[in-house]
Amino acid sequence: MSEKSDVRIAIVGAGLGGCAVASLLQQQGYTPEIYEQTPQITPLGAGIHLSPNVTRVLDRIGILDALVAVGSRPREWLSRDWDTGKVTLDYTLGDVAEEKFGSPYLTVHRGDLAVELVGAVDQQRLHLDKKLVGMEKGAGGTTLSFQDGTTAEADIVIGADGVHSKVREILAGPEEPIYTGHVAHRAMIPMDRYNGHIFDDDTKWWHPESHIVVYYIKADRSYIYFVTGVPEPDWPREEWVYDGDPNELRGHFDGYHDEVQLLLSQVDKVLNWAILERKPFELWSEGPIVMLGDACHPMKPHMGQGGAMAIEDAAMLARCIGDQPTDFDAAFRLYIANRQERTAKVQHYSHNNDWLQYQETSDPDWVFAYDVFTEPLVQPGD
Ligand SMILES: Cc1cc2nc3c(=O)[nH]c(=O)nc-3n(C[C@H](O)[C@H](O)[C@H](O)COP(=O)(O)OP(=O)(O)OC[C@H]3O[C@@H](n4cnc5c(N)ncnc54)[C@H](O)[C@@H]3O)c2cc1C
């Protein structure tokens, strides 16, 4: 087996990391097959921050221009005290950040991102309604079994199946993610409900026990979006996401600044998400199976970097596989050596939730300036 197109690569999960690694491997001449559990890719009504460390990967995939055209390009990130509104950090984005980091900072609708990422993969090799339920290694490769009774064979398997990863469960045994005791409320609201009022581009309002992050998700600023972090000691449901109650949401923000009250006054639909995480974990690969993204390192969303880490992982994995279609073991060790430290550090900062709160203590360069394509590689064991 020497031709790249002869290598049978199976990717489990067509989320952010799965689509990113598929398209980058395709660019290198590989022909990965992607297996996604959902029968239809339905865009989630939510927003996502895309910082320069990830927009440079989206550029390599070939979808950045399309996202710049539809997404919002914030002029700055503000941190403000929850009640007085005092600005504790004003970090310039826009042209200044783009020049400094060589790639733009965007805030976009997740549906727009999903459409572009899914569109970048070979549609003939994207298999929907294929929920992985088992895997078995044999002499001729790995057999993947799906809920519908079908199977597929692969030489290598990339587990990109998110926080409830089946691939991780098969490798490491069953272990539920940790509920952090916090809920994230998410909603997007049409701006025509605010009678011409303009919100700042991208603001995090900080209370000692809760927060709310507010930003535009469309280039024409037609929608404003927010995501919160609010204590909720016990998760009340079996499912990890459910329709919330706008009045209950508003109750959590009593006493917050008038700007937040105005924003929340127009909410008529809200989704409540359990915030889950896991501790840093080392077994990212075993034999021909390797994982990336939330399957390895789910984190609190408080830095807006979980998806970014999945996409960086995808790019580093594709870089390490590179031109060596026969020695995946070496490629996986190289990939792990170059990703575990960074993702553990981001998990740590996300857990602490103090990223970009104060001007004096904030230096985001180590996150934003990272270039996964040129970062000098650390060798395993170094
Ligand atoms: C409230 C909130 C706000 C966030 N905001 C941001 C942000 O601003 N910026 C940011 O970078 N990140 C953010 N994140 C984090 C980000 O959403 C995740 O880190 C990211 O989606 C992880 O990507 P992934 O590819 O690992 O997994 P996912 O994107 O979750 O994709 C996993 C895919 O695998 C599929 N799958 C699962 N199990 C199976 C199976 N058995 N068989 C086949 N397919 C399967 C799933 O259907 C899914 O399509 C946020 C998260 C939350 C909860």
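Predicted model: local features only at pLDDT ≥ 70, side-chain atom pairs only at ≥ 80, totals over all residues.
1. **Sheet order.** Start with the open sheet of six strands. Its order is E7-E2-E1-E11-E19-E18. The pairing is mixed. At the edges are strand E7 (126-127) and strand E18 (285-286), each of which pairs on one side only.

2. Which strand is joined to E7 by two bridges? That is strand E2, residues 33-35. E2 and E7 run parallel. Within this pairing, Ile34 stands opposite Leu126 of E7. In general, strands of a sheet pair through backbone hydrogen bonds, in either a parallel or an antiparallel way.

3. **Helix on the sheet.** Helix H10 covers residues 328-337.

4. **H9 against H10.** H10 also meets helix H9, residues 306-321. The two axes come within 8 Å. They cross at roughly 140°. An angle over 145 degrees would count as roughly antiparallel, and 65 to 115 as roughly perpendicular. H9 and H10 are therefore oblique to each other. The crossing is right-handed.

5. **Residues at that crossing.** H9 contributes Asp313, Met316, Leu317, Cys320 and Ile321 to the contact. From H10 come Phe328, Ala331, Phe332, Leu334 and Tyr335.

6. **Salt bridges.** The count of salt bridges comes to 21. One of them pairs the side chains of Arg73 and Asp95, at 2.7 Å from N to O. Arg73 sits in the loop between helix H3 (64-70) and strand E4 (76-81), and Asp95 in helix H4 (residues 94-101), so the pair ties together parts 22 residues apart in sequence. As a general point, side chains of opposite charge can pair when their charged atoms come close.

7. **Ala120.** Where is Ala120 placed? It is in the loop between helix H5 (110-119) and E7. Ala120 and Ala20 are 100 residues apart in sequence, yet their C-alpha atoms are 8.3 Å apart in space. Leaving aside neighbours within four places in sequence, Ala120 is in contact with Ser23, Gln26, Ile61 and Ile63.

How values were computed:
Residues numbered from 1 in each chain as written. Heavy atoms only, no water. Pairing = 2+ DSSP bridges. Helix = DSSP H or I, 4+ residues; strand = E, 2+ residues; numbered from the N terminus. Contact = heavy atoms within 4.5 Å. Axes fitted to C-alpha atoms, helices over the stretch in contact; angles between N-to-C directions. Parallel < 35°, antiparallel > 145°, perpendicular 65-115°, else oblique. Left-handed = near helix turned anticlockwise from the far one by under 90°. Salt bridge = Lys/Arg side-chain N within 4 Å of Asp/Glu carboxyl O.
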